[in-house]
Amino acid sequence: MASRMMHLAAAKLLLDMLPAGMDASRFMSGSIMVDSAPAERKASHFLMVVEGRKTYDTARFRDRYGHLLLTDGLVLGYYLHLVQDLVFRDELYHVLGFNPRMPGYLAGLHSDYRRLNQSLAKRFCLAADFDIPSDASPLDKIADFDMLGLPSALAEDFSAPGEPEAFFFTQEMALGYINRAVRLCRDELRALQNGLPLIDPKEWMWKADPV
């Protein structure tokens, strides 16, 4: 899964496409709340496994909350986070060849996230200056989200430096991913707004892995 800072960058680049009157703070909050239930990440990401392959079931999310996608920023931000994570898995595994089974690779990837936080914040003029709701309604049935803990988690993202050298995931990789994810999210937003076919999560499956 992409880091909070990468999701924030993508969300900021999508603000110009929000439906008129949509609350931007709720949209930004929805874009990062998905990862605030680490003990229930399979549920929070709508993980689906079919014949040894995984995906994030965006279609099931739409079935449950599609009627709110164009009216509630929290719901739209959450949904586009799932879309961005589909892109990230594809980019990481199929394009960059990352192998999460290699010893130390997951820890190294998370170290790269921390290392990139401040440079991404500067590049995209990011700040933790939006209001995060104290509860996850209307998405509170999905998982036990720690909405009250999100501000402190964000503050740590903006302040904690990472390792000086990349273990695997470089800034160029992060920027390439963000650009690709934003393009797909823009396509998805246009499809939502115009009643066109939406992303099929089965077209974004990856081989089952231990993460």
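Student: Serine 3 first: does serine 3 count as buried or exposed?

Tutor: Serine 3 counts as buried, at 7% relative accessibility. Buried means under 20% relative accessible area, exposed over 50%, and partly exposed in between, with a 1.4 Å probe and protein chains only. This is a predicted model, in which local features need pLDDT of at least 70 and side-chain atom pairs count only at pLDDT 80 or more, while totals for chains, interfaces and linings use all residues. Residues are numbered from 1 along each chain as its sequence is written, and side-chain values use heavy atoms, with hydrogens and water left out.

Student: Where is the place of serine 3, and with which residues is it in contact?

Tutor: Serine 3 sits in the segment before α1. Helices (H or I, at least four residues) and strands (E, at least two) are DSSP runs, numbered from the N terminus. Leaving aside neighbours within four places in sequence, serine 3 is in contact with Tyr113 and Asn117, where contact means heavy atoms within 4.5 Å.

Student: Moving to α8: how many residues has helix α8?

Tutor: Helix α8 has 24 residues, 171-194. From first C-alpha to last, α8 reaches 34 Å, close to the 34 Å expected at 1.5 Å a residue; the expected span is 1.5 Å times one less than the number of residues. Just after α8, glycine 195 takes a positive phi of about 65 degrees.

Student: Which residues in α8 are buried, and what do the buried residues pack against?

Tutor: Among the buried residues of α8 are Ala174, Leu175, Tyr177, Ile178, Ala181 and Val182. The buried residues of α8 pack against α1 (4-14), α4 (58-65), α5 (73-95) and α6 (105-123).

Student: At what angle do α1 and α8 pack?

Tutor: The angle between α1 and α8 is about 45 degrees, and their axes are 9 Å apart. Axes are lines fitted to C-alpha atoms, for helices over the stretch in contact, and angles run from 0 to 180 degrees between N-to-C directions. That makes α1 oblique to α8. Angles under 35 degrees count as roughly parallel, over 145 as roughly antiparallel, 65 to 115 as roughly perpendicular, and the rest as oblique. Met6, His7, Ala9, Ala10, Leu13 and Leu14 in α1 meet residues of α8 including Ala174, Tyr177 and Cys185.

Student: And α6 with α8: at what angle do the axes cross?

Tutor: The axes of α6 and α8 cross at roughly 55 degrees and come within 11 Å. That makes α6 oblique to α8. On the α6 side, the contact is made by Arg115, Leu116, Ser119, Leu120 and Arg123. Gln171, Ala174, Leu175 and Ile178 make the contact on the α8 side.

Student: Which residues is glutamine 84 in contact with?

Tutor: With neighbours within four places in sequence left aside, glutamine 84 is in contact with His7, Ala10, Leu14, Tyr177, Ala181 and Cys185. Glutamine 84 is in helix α5 and counts as buried at 1% relative accessibility.

Student: How many residues has the largest nonpolar core?

Tutor: The largest nonpolar core has 69 residues, and Met6, Phe61 and Tyr78 have the most contacts inside it. Such a core is a set of buried Ala, Val, Leu, Ile, Met, Phe, Trp, Tyr and Cys residues joined through side-chain atoms within 4.5 Å. At least two residues of this core come from each of α1, α2 (24-33), α4, α5, α6, α7 (150-159) and α8. The largest share, 13 residues, comes from α5.

Student: What does phenylalanine 61 touch?

Tutor: Not counting residues up to four places away in sequence, phenylalanine 61 touches Phe46, Gly66, Leu69, Val75, Tyr78, Tyr79, Leu82, Leu139 and Ile142.

Student: Now the backbone: is the peptide bond from serine 137 to proline 138 cis or trans?

Tutor: The bond is cis, with omega near 10 degrees. Proline 138 lies in the loop between α6 and α7.

Student: Where is cysteine 125 found, and what is its phi?

Tutor: Cysteine 125 is also found in the loop between α6 and α7. Its phi is positive, about 55 degrees, although cysteine 125 is not a glycine. At 57% relative accessibility, cysteine 125 counts as exposed.

Student: And glutamate 51, what is its phi?

Tutor: Glutamate 51 has a positive phi of about 50 degrees, although it is not a glycine. Glutamate 51 is in the loop between β1 (47-50) and β2 (53-56) and is exposed, with a relative accessible area of 81%.
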